[in-house]
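Welcome, and thank you for looking at this structure with us. Please keep the sequence and the 3D view open while you read.

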Amino acid sequence: MIDTTTLDRAQPTDTGLRVHLAEDEADVVAAQRLRYDVFVAELGGDGPLVDHVNRLEKDSFDPFYDHLLVRDPARSDMVVGVYRLLRDSRARDAGQFYSEDEYDLAPLRASGRRLLELGRSCLHPDYRGGAAMFLLWQGLADYVLRHQIEVLFGTASFHGTDVDRLAQPLALLHHRHLAPAPLRVRARQFQDMNLVPEAEIDRRKAMLEVPALIKAYLRLGGCVGEGAYVDHAFNTTDVCLVMDTARMTDRQRSLYTRGRGA
(Lines give C-alpha, C1' and ligand atoms only; values in the text may rest on other atoms or scores of the structure.)
Protein backbone atom coordinates (compact mmCIF):
# COMPACT_ATOMS: atom_id res chain seq x y z
CA MET A 1 0.00 0.00 0.00
CA ILE A 2 1.09 3.57 -0.65
CA ASP A 3 1.24 5.72 2.48
CA THR A 4 -0.87 8.79 1.72
CA THR A 5 -0.91 10.24 5.23
CA THR A 6 2.24 12.31 4.68
CA LEU A 7 0.87 14.69 2.07
CA ASP A 8 -2.57 16.11 1.42
CA ARG A 9 -4.41 14.78 -1.61
CA ALA A 10 -4.11 18.09 -3.45
CA GLN A 11 -1.72 20.99 -3.08
CA PRO A 12 -3.17 23.67 -5.41
CA THR A 13 -0.92 26.44 -6.67
CA ASP A 14 -1.33 29.60 -8.70
CA THR A 15 -0.03 27.67 -11.73
CA GLY A 16 -3.15 25.49 -11.69
CA LEU A 17 -0.98 22.40 -11.20
CA ARG A 18 -1.29 20.27 -8.09
CA VAL A 19 1.04 17.86 -6.33
CA HIS A 20 0.09 14.81 -4.29
CA LEU A 21 1.16 11.33 -3.29
CA ALA A 22 -0.27 8.35 -5.16
CA GLU A 23 -3.31 6.98 -3.35
CA ASP A 24 -4.06 3.87 -5.36
CA GLU A 25 -2.86 1.61 -8.15
CA ALA A 26 -4.34 3.88 -10.83
CA ASP A 27 -2.10 6.71 -9.60
CA VAL A 28 0.96 4.46 -9.72
CA VAL A 29 0.09 3.30 -13.24
CA ALA A 30 -0.22 6.94 -14.33
CA ALA A 31 3.28 7.57 -12.98
CA GLN A 32 4.63 4.49 -14.76
CA ARG A 33 3.07 5.66 -18.01
CA LEU A 34 4.87 9.01 -17.87
CA ARG A 35 8.09 7.21 -16.93
CA TYR A 36 7.72 5.03 -20.02
CA ASP A 37 7.24 8.05 -22.27
CA VAL A 38 10.40 9.68 -20.91
CA PHE A 39 12.81 6.90 -19.97
CA VAL A 40 11.90 4.32 -22.63
CA ALA A 41 10.32 6.07 -25.62
CA GLU A 42 12.36 9.27 -25.40
CA LEU A 43 15.67 8.13 -23.89
CA GLY A 44 15.86 4.53 -25.07
CA GLY A 45 15.90 2.78 -21.71
CA ASP A 46 14.62 -0.72 -20.96
CA GLY A 47 14.32 -3.21 -18.13
CA PRO A 48 13.08 -6.71 -17.33
CA LEU A 49 9.64 -5.56 -16.12
CA VAL A 50 9.04 -2.79 -18.65
CA ASP A 51 5.61 -3.32 -20.21
CA HIS A 52 5.96 -2.23 -23.82
CA VAL A 53 2.45 -3.33 -24.76
CA ASN A 54 0.81 -1.04 -22.21
CA ARG A 55 3.66 1.51 -22.25
CA LEU A 56 4.51 1.26 -18.55
CA GLU A 57 8.02 1.62 -17.10
CA LYS A 58 7.99 -0.34 -13.86
CA ASP A 59 10.16 -2.53 -11.67
CA SER A 60 9.98 -4.71 -8.58
CA PHE A 61 10.63 -1.77 -6.25
CA ASP A 62 7.53 0.23 -7.20
CA PRO A 63 5.26 -1.36 -4.53
CA PHE A 64 7.60 -0.17 -1.76
CA TYR A 65 7.92 3.44 -2.89
CA ASP A 66 5.71 6.44 -2.30
CA HIS A 67 5.04 8.07 -5.67
CA LEU A 68 4.86 11.86 -5.84
CA LEU A 69 2.81 13.18 -8.76
CA VAL A 70 2.20 16.57 -10.37
CA ARG A 71 -1.06 16.81 -12.31
CA ASP A 72 -2.51 19.41 -14.65
CA PRO A 73 -6.28 19.78 -14.16
CA ALA A 74 -6.42 21.79 -17.39
CA ARG A 75 -5.42 18.65 -19.32
CA SER A 76 -7.84 16.11 -17.83
CA ASP A 77 -5.72 15.84 -14.67
CA MET A 78 -2.85 14.37 -16.69
CA VAL A 79 0.26 13.40 -14.71
CA VAL A 80 3.03 15.71 -15.92
CA GLY A 81 5.72 15.08 -13.30
CA VAL A 82 6.73 12.22 -11.03
CA TYR A 83 9.21 11.34 -8.30
CA ARG A 84 9.41 8.18 -6.26
CA LEU A 85 10.50 8.12 -2.62
CA LEU A 86 11.78 5.22 -0.48
CA ARG A 87 12.32 5.65 3.26
CA ASP A 88 14.83 3.41 5.02
CA SER A 89 12.03 1.58 6.87
CA ARG A 90 10.45 0.62 3.54
CA ALA A 91 13.84 -0.31 2.11
CA ARG A 92 14.09 -2.95 4.82
CA ASP A 93 10.79 -4.38 3.57
CA ALA A 94 12.11 -4.33 -0.01
CA GLY A 95 15.38 -5.97 1.04
CA GLN A 96 17.56 -3.08 -0.14
CA PHE A 97 17.54 0.36 -1.68
CA TYR A 98 17.20 0.47 -5.45
CA SER A 99 20.57 2.15 -5.92
CA GLU A 100 22.43 -0.50 -3.91
CA ASP A 101 22.78 -2.50 -7.12
CA GLU A 102 24.94 0.34 -8.41
CA TYR A 103 26.52 1.87 -5.29
CA ASP A 104 27.87 0.63 -1.97
CA LEU A 105 25.72 2.56 0.50
CA ALA A 106 27.60 1.38 3.60
CA PRO A 107 28.58 4.93 4.66
CA LEU A 108 24.94 6.03 4.63
CA ARG A 109 23.71 2.94 6.42
CA ALA A 110 26.43 3.29 9.06
CA SER A 111 25.47 6.91 9.74
CA GLY A 112 22.42 5.90 11.77
CA ARG A 113 20.53 8.81 10.25
CA ARG A 114 17.08 8.82 8.64
CA LEU A 115 17.52 8.14 4.93
CA LEU A 116 15.33 8.79 1.91
CA GLU A 117 16.12 7.47 -1.55
CA LEU A 118 14.87 9.49 -4.52
CA GLY A 119 14.44 8.18 -8.03
CA ARG A 120 12.64 8.12 -11.37
CA SER A 121 12.21 11.89 -11.46
CA CYS A 122 10.88 13.05 -14.81
CA LEU A 123 8.65 15.65 -16.43
CA HIS A 124 6.44 15.67 -19.50
CA PRO A 125 8.31 17.61 -22.25
CA ASP A 126 5.72 20.42 -22.22
CA TYR A 127 6.45 21.14 -18.53
CA ARG A 128 10.23 21.23 -18.43
CA GLY A 129 11.80 24.48 -17.31
CA GLY A 130 8.59 25.62 -15.66
CA ALA A 131 6.67 25.27 -12.42
CA ALA A 132 6.25 21.48 -12.41
CA MET A 133 9.77 20.73 -11.17
CA PHE A 134 9.42 23.35 -8.46
CA LEU A 135 6.18 21.70 -7.35
CA LEU A 136 7.92 18.33 -7.11
CA TRP A 137 10.52 19.94 -4.86
CA GLN A 138 7.76 21.51 -2.76
CA GLY A 139 6.09 18.15 -2.33
CA LEU A 140 9.42 16.56 -1.50
CA ALA A 141 10.12 19.25 1.11
CA ASP A 142 6.78 18.52 2.81
CA TYR A 143 7.56 14.81 2.80
CA VAL A 144 11.06 15.29 4.23
CA LEU A 145 9.83 17.54 7.03
CA ARG A 146 6.95 15.26 7.99
CA HIS A 147 9.16 12.18 8.12
CA GLN A 148 12.14 14.01 9.67
CA ILE A 149 14.48 12.83 6.92
CA GLU A 150 18.13 13.74 7.46
CA VAL A 151 19.90 12.49 4.35
CA LEU A 152 18.49 12.29 0.82
CA PHE A 153 20.20 10.35 -1.92
CA GLY A 154 19.65 8.65 -5.24
CA THR A 155 21.10 8.08 -8.65
CA ALA A 156 20.70 10.69 -11.36
CA SER A 157 21.62 10.16 -14.97
CA PHE A 158 23.45 11.56 -17.92
CA HIS A 159 21.90 10.33 -21.16
CA GLY A 160 24.09 7.83 -23.00
CA THR A 161 26.98 5.56 -22.07
CA ASP A 162 29.88 7.23 -23.94
CA VAL A 163 32.07 8.17 -20.98
CA ASP A 164 34.60 9.97 -23.17
CA ARG A 165 31.86 12.36 -24.30
CA LEU A 166 30.92 12.97 -20.67
CA ALA A 167 34.49 13.35 -19.41
CA GLN A 168 34.30 17.09 -18.71
CA PRO A 169 31.06 17.21 -16.67
CA LEU A 170 31.94 14.01 -14.80
CA ALA A 171 35.37 15.39 -13.93
CA LEU A 172 33.81 18.66 -12.79
CA LEU A 173 31.53 16.79 -10.39
CA HIS A 174 34.48 14.76 -9.10
CA HIS A 175 36.76 17.73 -8.48
CA ARG A 176 34.23 20.28 -7.23
CA HIS A 177 31.33 18.35 -5.69
CA LEU A 178 32.66 15.10 -4.19
CA ALA A 179 30.81 14.04 -1.03
CA PRO A 180 32.60 14.27 2.33
CA ALA A 181 34.13 10.99 3.46
CA PRO A 182 31.36 10.06 5.96
CA LEU A 183 28.76 10.18 3.14
CA ARG A 184 30.94 9.13 0.20
CA VAL A 185 29.25 6.11 -1.39
CA ARG A 186 31.22 4.32 -4.11
CA ALA A 187 30.15 2.81 -7.44
CA ARG A 188 30.26 -1.00 -7.46
CA GLN A 189 31.21 -1.31 -11.15
CA PHE A 190 33.55 1.61 -10.81
CA GLN A 191 33.85 4.14 -13.60
CA ASP A 192 36.41 6.74 -12.57
CA MET A 193 35.11 10.31 -12.90
CA ASN A 194 38.58 11.82 -12.50
CA LEU A 195 38.93 11.87 -16.27
CA VAL A 196 40.29 15.38 -16.79
CA PRO A 197 42.69 17.36 -14.55
CA GLU A 198 40.80 20.12 -12.79
CA ALA A 199 42.91 22.84 -14.41
CA GLU A 200 41.90 21.59 -17.88
CA ILE A 201 38.14 21.64 -17.33
CA ASP A 202 36.11 24.24 -19.21
CA ARG A 203 33.86 24.84 -16.23
CA ARG A 204 31.18 26.81 -18.02
CA LYS A 205 30.84 24.28 -20.84
CA ALA A 206 31.01 21.35 -18.44
CA MET A 207 28.25 22.75 -16.23
CA LEU A 208 26.04 23.35 -19.26
CA GLU A 209 26.33 19.61 -19.95
CA VAL A 210 25.22 18.64 -16.44
CA PRO A 211 21.52 17.62 -16.44
CA ALA A 212 19.09 20.05 -14.83
CA LEU A 213 18.14 17.68 -12.00
CA ILE A 214 21.77 17.25 -10.94
CA LYS A 215 22.31 21.01 -11.04
CA ALA A 216 19.24 21.46 -8.85
CA TYR A 217 20.74 19.15 -6.22
CA LEU A 218 24.06 21.00 -6.38
CA ARG A 219 22.34 24.35 -5.82
CA LEU A 220 20.78 22.88 -2.68
CA GLY A 221 24.16 21.76 -1.35
CA GLY A 222 24.12 18.25 -2.78
CA CYS A 223 27.28 16.33 -3.63
CA VAL A 224 28.20 13.15 -5.51
CA GLY A 225 29.56 9.77 -4.57
CA GLU A 226 32.83 8.40 -5.84
CA GLY A 227 32.73 7.01 -9.35
CA ALA A 228 29.98 6.74 -11.94
CA TYR A 229 27.99 3.68 -12.95
CA VAL A 230 27.44 2.99 -16.65
CA ASP A 231 23.97 1.48 -17.06
CA HIS A 232 23.89 -0.01 -20.56
CA ALA A 233 20.38 -1.44 -20.17
CA PHE A 234 18.95 1.98 -19.32
CA ASN A 235 21.28 3.83 -21.73
CA THR A 236 22.56 6.14 -19.00
CA THR A 237 25.65 7.03 -17.03
CA ASP A 238 24.64 7.42 -13.40
CA VAL A 239 26.06 9.37 -10.49
CA CYS A 240 24.88 9.03 -6.91
CA LEU A 241 23.74 12.32 -5.40
CA VAL A 242 23.72 12.84 -1.63
CA MET A 243 22.15 15.75 0.22
CA ASP A 244 22.67 16.22 3.97
CA THR A 245 19.90 18.49 5.24
CA ALA A 246 22.04 19.47 8.26
CA ARG A 247 24.68 20.96 5.95
CA MET A 248 22.30 23.16 3.99
CA THR A 249 22.80 26.91 4.28
CA ASP A 250 19.89 29.15 5.28
CA ARG A 251 19.55 30.23 1.65
CA GLN A 252 19.51 26.64 0.39
CA ARG A 253 17.03 25.64 3.08
CA SER A 254 14.76 28.53 2.09
CA LEU A 255 14.83 27.46 -1.56
CA TYR A 256 14.11 23.88 -0.61
CA THR A 257 11.40 24.36 2.01
CA ARG A 258 9.84 27.58 0.70
CA GLY A 259 9.84 29.09 4.18
CA ARG A 260 8.31 26.09 5.97
CA GLY A 261 11.06 25.86 8.54
CA ALA A 262 12.98 22.71 9.47
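Two strands pair if DSSP finds at least two bridges between them. Helices (H or I, at least four residues) and strands (E, at least two) are DSSP runs, numbered from the N terminus. This is a predicted model, in which local features need pLDDT of at least 70, side-chain atom pairs count only at pLDDT 80 or more, and totals for chains, interfaces and linings use all residues. Residues are numbered from 1 along each chain as its sequence is written, and side-chain values use heavy atoms, with hydrogens and water left out.

**The chain as a whole**

The chain has eight helices and 11 strands. Of its 262 residues, 51% count as buried; buried means under 20% relative accessible area, exposed over 50%, and partly exposed in between (1.4 Å probe, protein chains only). Contact means heavy atoms within 4.5 Å. Among contacts between residues at least 6 apart in sequence, 71% join residues at least 24 apart.

Let us begin with strand E2, residues 18-21. Which way do its side chains point? Arg18 and His20 point one way, Val19 and Leu21 point the other way, and all are buried. In a regular strand the side chains alternate between the two faces of the sheet.

Strand E2 runs antiparallel to strand E3 (residues 66-72), and four bridges join them. Arg18 has Arg71 of E3 as its bridge partner. The table shows the antiparallel pairs, each with one of its bridge partners.

| Strand pair | Bridges | Bridge partners |
|---|---|---|
| E2 and E3 | Four | Arg18 and Arg71 |
| E3 and E4 | Seven | Val70 and Gly81 |
| E4 and E6 | Six | Gly81 and Leu123 |

E3 and E4 form a hairpin with five residues between them, and Ser76 in the turn has a positive phi of about 55°. Strand E4 is largely enclosed by the rest of the structure, because nine of its 10 residues are buried.

**Nonpolar cores**

A nonpolar core is a set of buried Ala, Val, Leu, Ile, Met, Phe, Trp, Tyr and Cys residues joined through side-chain atoms within 4.5 Å. The largest one has 41 residues, and those with the most contacts inside it are Tyr83, Leu85, Leu116, Leu140 and Ile214. Helix H4 (residues 131-147) gives the most to this core, with eight residues. A second, separate core of 19 residues includes Phe97, Leu108, Leu115 and Cys223.

What does Leu116 touch, leaving aside its neighbours within four places in sequence? Its contacts include Leu85, Leu140, Tyr143, Val144 and Phe153.

**An enclosed helix**

Helix H5 (residues 167-176) has seven of its 10 residues buried, so it is largely enclosed by the rest of the structure. Among the buried residues are Pro169, Leu170, Leu172 and His174. What covers them includes strand E7, helix H6 (203-208), helix H7, strand E9 (223-224) and strand E11.

**The largest pocket**

On a 1 Å grid over the protein atoms alone, a pocket is an open set of points where a 1.4 Å probe fits, with protein on both sides within 12 Å along at least five of seven lines; lining residues have an atom within 4 Å of a point. The largest pocket has a volume of about 1100 Å³, a volume being the space filled by probe spheres set on the points, which are joined across faces, edges and corners. The lining has 44 residues, of which Ser121, Met133, Ala212, Leu213 and Ile214 lie nearest the centre. Strand E6 gives the most to this lining, with seven residues.

Gly129 sits in the loop between strand E6 (115-123) and H4. Gly129 counts as exposed because its relative accessibility is 87%. Its C-alpha atom is separated by 8.9 Å from that of Ala212, 83 residues apart along the chain.

His159 belongs to strand E7 and, at 40% relative accessibility, counts as partly exposed. Not counting residues up to four places away in sequence, His159 touches Leu43, Arg165 and Asn235.

How many disulfides (pairs of cysteine sulfur atoms within 2.5 Å) does a search of the whole structure find? The search finds zero. The closest cysteine sulfur to that of Cys223 is in Cys240, and at 9.3 Å it is too far for a bond. Cys223 is buried, at 11% relative accessibility, and Cys122 is buried too, at 5%.

Note on methods. A disulfide is a pair of cysteine sulfur atoms within 2.5 Å.
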